Amino acid sequence: MTPLVWIQHGVLITYGAALDTALHRHHAVQLVWARGASSCLWRGGNTTGNLIIDSQVEHKLQLDEGWILLIEPQCELGVKLRQMIDGKEVVQFEPLLDPYLTEHPKSNPNTQLTPLFSALNLSLSVDPKLTST
């Protein structure tokens, strides 16, 4: 599967698969919305499913297919996510009912990410004409 990528101020959105071969950390808060199997190993344990990984948490992610959002911790969305996880390194959030449309994303992630952001009481707007790659 060829990964798809969108960029917005403060947010990098990708759809595809991910296999981290080594533990790593990054400045961004990472939101993982799995369509297939996923697992995350970090210093505090191992978990599966849909995840929010805090900034600077060393981790190793395996994702068969799904959404990964890398979010600047100081932007509005990053601040809200960090408030939600309340100092925890990795937080699993409940699977959502009917989380995906039948089609894979093609040009605009807004429609397909709407159920996720609604369930988390967050908002995101991406203009694919200006930002998709």
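Modeller: We begin with burial: a residue is buried under 20% relative accessible area, exposed over 50% and partly exposed in between (1.4 Å probe, protein chains only). The model before us is predicted, so local features need pLDDT of at least 70 and side-chain atom pairs count only at pLDDT 80 or more, whereas totals for chains, interfaces and linings use all residues. Residues are numbered from 1 along each chain as its sequence is written, and side-chain values use heavy atoms, with hydrogens and water left out.

Colleague: How many helices and strands does the protein chain have?

Modeller: Helices (H or I, at least four residues) and strands (E, at least two) are DSSP runs, numbered from the N terminus. The protein chain has three helices and eight strands, in the order β-β-β-β-β-β-β-α-β-α-α from the N terminus.

Colleague: What share of the 133 residues is buried, and what part of the contacts joins residues 24 or more positions apart?

Modeller: Buried residues account for 41% of the 133. A contact means heavy atoms within 4.5 Å. Among contacts with a separation of 6 or more, 70% are between residues 24 or more positions apart. Accessible areas come from the Shrake-Rupley method with a 1.4 Å probe, and for residues only the protein chains shown count as cover. The accessible surface of the chain is about 7300 Å², and carbon and sulfur atoms hold 52% of that surface.

Colleague: Which residues have the most contacts inside the largest nonpolar core?

Modeller: In soluble globular proteins, nonpolar side chains tend to be buried together. A nonpolar core is a set of buried Ala, Val, Leu, Ile, Met, Phe, Trp, Tyr and Cys residues joined through side-chain atoms within 4.5 Å. Here the largest core has 22 residues, and those with the most contacts inside it are Leu 31, Trp 67, Leu 69, Ile 71, Leu 77, Leu 81 and Leu 116. At least two residues of this core come from each of strand 2 (11-19), strand 3, strand 7 (59-71), helix 1 (76-85), strand 8 (90-93) and helix 2 (110-119). A second, separate core has twelve residues, including Ile 53, Leu 61, Ile 68 and Val 90.

Colleague: Which residues of helix 1 are buried?

Modeller: They are Leu 77, Gly 78, Leu 81 and Ile 85. Seen down the axis of helix 1, these residues fall within an arc of 95° and so line one face of the helix; the arc is that of the directions from the helix axis to the C-beta atoms. Their cover includes strand 2, strand 3, strand 6 (50-53), strand 7, strand 8 and helix 2. The face turned away from the buried side carries the exposed residues Glu 76 and Gln 83. After helix 1 comes Asp 86, which has a positive phi, near 50°.

Colleague: How many salt bridges does a search of the whole structure find?

Modeller: Side chains of opposite charge can pair when their charged atoms come close. A salt bridge is a side-chain nitrogen of Lys or Arg within 4 Å of a carboxyl oxygen of Asp or Glu. The search finds five. One of them joins Arg 82 and Asp 54 at 2.7 Å, N to O. Arg 82 lies in helix 1 and Asp 54 in the loop between strand 6 and strand 7, so the pair ties together parts 28 residues apart in sequence. Arg 82 is partly exposed at 33%, whereas Asp 54 is buried at 10%.

Colleague: Where do Arg 43 and Glu 89 lie?

Modeller: The side chains of Arg 43 and Glu 89 form a salt bridge at 2.3 Å, N to O. Arg 43 is in the loop between strand 4 (38-42) and strand 5 (45-48), and Glu 89 is in the loop between helix 1 and strand 8, 46 residues apart. Arg 43 is exposed because its relative accessibility is 72%, while Glu 89 is partly exposed at 25%.

Colleague: How many residues apart are Lys 80 and Glu 76 in helix 1?

Modeller: They are four residues apart, and therefore separated by about one helical turn. The closest N and O atoms in their salt bridge are 3.2 Å apart. Lys 80 is partly exposed at 30%, and Glu 76 is exposed at 58%.

Colleague: Is Gln 30 buried or exposed?

Modeller: Gln 30 counts as buried because its relative accessibility is 4%. Gln 30 lies in strand 3 (residues 29-34), and its side chain makes a polar contact with that of His 59 at 3.0 Å. A polar contact is a pair of N or O atoms within 3.5 Å; within protein, one must be able to donate a hydrogen and the other to accept it, and residues adjacent in sequence count only if both atoms are side-chain atoms.
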